Amino acid sequence: MVDTQPKLVDSPEEALSPRELRLEYGARILRWGAMTNMGLSLLILILALLGGLQILPNLFAGIHNLLLGNLALSDDAATATVMLILQLNVCFLLVMMVGGLARETWALVGVWLLAIVNIVLLIWVGFTPALITIVTCTLSGVVISRDPGAFRINPVMLKELRGRMRGIRAFVVLSVYLGLMSAFLALLYLIYGPINRASGSAAAGEVGRVLFMGIVGIELMLIVFIAPAFTAGAITGERERLTYDLLKTTLLSSPTFVIGKLESALGYVLLLLLSAIPLQSIAFLFGGVTELELILSLIILCVTAIALGTVGIYFSAVATRTLSASIRAYTTTLVATFAVPLILSILLNLISNTIRSLPPAMEAIFAYISDILVSLNPIAAALTTQQLLIDRQVVGFWTDTLSDGATIPRISPWITFTIIYLVAATILVVLSIQRTRKIEQ
């Protein structure tokens, strides 16, 4: 048989219209702003390591006074806060960049909103690096605001969502999804219910916590398998139905096409997550779970869905067949979220067990490396975040004591997890857009 599928080759990119060139220029400004924030963050990290090794004494105090002068924190906590805000700016700048390329209405509003938030940070807490984001957002906002008519609700997203919700398949998937979680919740209650009745109200909070963790865990596992499946065939499906060339002849730009496909798939995944909130709320009947835990779990689930969805959309843009894209997406997802962090954790434990007595500086470095490894895995990030919330009532920063009595600032894993996954998702979206701009032969 003759293979009629199109072959992707490294050929010149499609020509851009004047409107698209203007949006590209605005996106380029945001990209340079994100890179500048990232470079400053890495510089502060290097300086912080030198300060922790006592190579440059009083360095933390200098960073605190120069970059965050109006906030009453310890010098090391102020340094960690500066790095965190810089990384958040990097994340939001990249997201606005992708949204601007896709002509999304929320991107036009978000650029100016991000500038206003940084102005508030500059005035309120003296966050001087906010000037980078303020200038970046202002320049990009002026460029893209010259043509407000370019921004609208994504037509591809509307079409895909309407088509998905008009069929019976969407409701079958939703019913099976809720049915599996309800059955799992009932099983957990049958196991821990007798313990609750035997031990009285003292164990009720523990039962509620177990039910909540069980529901979030099964949601997370289902997202790992559902999110890549919804996006892996987004672009390859158009090629297999021989409708991709027709879409290329329309006025739809590549960013609009890619973001629309991603938004439609993630919109349905978000519907699945929201529909499970009543099941999570059952844990409130037993106690032991707060509203803050519910919000944090929803954030981790949504960020995981976004990141895994972009993995599927990337391989859908690279591959020519849905089966190949699905296999690559699932392999990458399972390796990145489970295998790599597990291997690195084992190596880290072996090194720490081999070196019995670590100097305080190395002990701090190993603590930060451990935090990064935990943040690479959504399950580990969720469990560690909840444990910190229970033991220390910590949502953001917390202080860890080293063997010599010194203290170092650390961040709750859900924050670093959100930043890492959103930045990785944005990079994959940009690569997918670049790939779809290649002319097929």
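In the predicted model, Ile235 is in contact (heavy atoms within 4.5 Å) with Tyr244, Phe257, Val258, Ile313, Ser316, Ala317 and Thr436, its neighbours within four places in sequence being left aside. Local features need pLDDT of at least 70 and side-chain atom pairs count only at pLDDT 80 or more, whereas totals for chains, interfaces and linings use all residues of this predicted model. Residues are numbered from 1 along each chain as its sequence is written, and side-chain values use heavy atoms, without hydrogens and water.

Ile235 and Met97 have the most contacts inside the largest nonpolar core, which has 50 residues. A nonpolar core is a set of buried Ala, Val, Leu, Ile, Met, Phe, Trp, Tyr and Cys residues joined through side-chain atoms within 4.5 Å; buried means under 20% relative accessible area (1.4 Å probe, protein chains only). Among the helices (DSSP runs of H or I, at least four residues, numbered from the N terminus) that each supply at least two residues of this core are H1, H4 and H17. The most, 10 residues, comes from H17. Another core, of 27 residues, lies apart from this one and includes Leu185, Val269, Phe286 and Leu308.

Buried residues in H4 include Ala107, Leu108, Val111, Leu114, Ala115 and Leu121.
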